[in-house]
Amino acid sequence: MGSMSTSRAGFAGLGSMGEPMARNLARAGVPLLVWNRTPGKADQVAEAVDDVAELFARCEVVFLMLKDAAAVDAVLDRGRSALAGRTIVHMGTTAPEHSRGLESELLAAGAKYVEAPVSGSRIPAEAGELVAMLAGDPAAIEEVRELFGPMCRETVDCGPVPNGLLMKLAVNVHLTAVVTGLAETFHFARANGLDPSLLADVLGAGQLASPILRVKAPKLVEEDFAPQASIANVLANVELIAAAAGEAGLELPLIEASRALYAETARLGFGEEDMVAVVKALEVHPRTHSEDY
C-alpha cells in the first residue's frame, strides 16, 4: 500500500479535539473527507459528507474521534456494508473491553483495526503535538503510521489491543491527580490571601514546572474556565479508570477523591467548563470533603 499518500483518508468526529486534528491532516496535504454529527463546521475543515456511510465507502482509512462508545458503535453500524478492506483507527477514549470487542467485530468483517488514543487536550491538538498510543496488528499500524505525523509529536507502540487504551488510562491517572492537585493548591493559596500569580511564578520556577502547569496555572490565576478538556470529559475518563481499576481489583484513592470532585462540579452545572473548574467544587463546601471520601 505504498500509495498511502494518495489514497483518501476519512475523519469522523470534529469536536474540540477532532477538529484541530483533522485540520492538521488537511493542511499537511492528506486528501481528506470529513463527517461530523452536527453539521455546519465540517465543510470548513475539508470536503465533507452528510452521511457517515459515505466516509467508509470512499476512504481506505477512517479515523474515529468520537465522544464515547455509543457514538463509535453508531458510526460503525452506518458504515457496516463498506468495512471490508478498510482500516479503522479508533482515536477516542472508550473502555478497553469495548475496544477489544471492536477489534473482533472489525476483523470478522474483513477490516483492520488500530487503537490509537491520544494524550493531550485542545492546545497540543492544534499544535500537532499529541502523543498517540498505538495498539493492534503491527502490519496495520505500519500502514497508517505516517498519517499520524501531522497530528502527533510522537507515536508509541503499546502492543496488542487494548494496551493503547490501558496506557491512555494510566497516563490519565497521573494527569487527573496533577491538575486536581493544582486546583487544590490555588484554592489553599487564595483562602490564605496569597497572590495567585505569585503562586504560579513560584511553581513555574521550581521542579514542578511543566507544560501542563504552563497551560493550567494561568487559567486558575485568571479564573478562565474556557474548556481545553472539559469537566464532563475528564469525569468520563475517570469513570473508565475507576471501572478498569475495579476489574483489576485495585484501590485508587486519588482517583476516587477526584471522581467525587468532578461529579460534584458537573452537578453544580459546570460540566462544559475546563477541568480546572474542579476548584468550584472545592469552594462550595470548605470543610465537608474529608467526610465525603
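Select helices H8 (residues 163-191) and H11 (residues 231-247) of this predicted model; helices here are DSSP runs of H or I of at least four residues, and strands are E runs of at least two, numbered from the N terminus. The two helices pack at an angle of about 120°, with axes 10 Å apart. Axes are lines fitted to C-alpha atoms over the stretch in contact, and angles run from 0 to 180 degrees between N-to-C directions. H8 and H11 are therefore oblique to each other, given that under 35 degrees counts as roughly parallel, over 145 as roughly antiparallel, 65 to 115 as roughly perpendicular and the rest as oblique.

Next, display the side chains between these helices. Lys168, Leu169, Asn172, Val173 and Thr176 in H8 meet residues of H11 that include Val234, Val238 and Ile241; contact means heavy atoms within 4.5 Å.

Residues are numbered from 1 along each chain as its sequence is written. Local features need pLDDT of at least 70 and side-chain atom pairs 80 or more, whereas totals for chains, interfaces and linings use all residues, and side-chain values use heavy atoms, without hydrogens and water.

Now select strand E2 (residues 32-35). Leu32 and Val34 on one side, and Leu33 and Trp35 on the other, are all buried (under 20% relative accessible area with a 1.4 Å probe, protein chains only).

Ala9 has Leu32 as its bridge partner in E2.

Finally, show strand E3 (residues 47-48), paired with E2 in the parallel sense over 2 bridges. There, Glu47 stands opposite Leu33.

Definitions and conventions: Buried < 20%, exposed > 50% of the residue type's maximum accessible area, 1.4 Å probe, protein only. Pairing = 2+ DSSP bridges.
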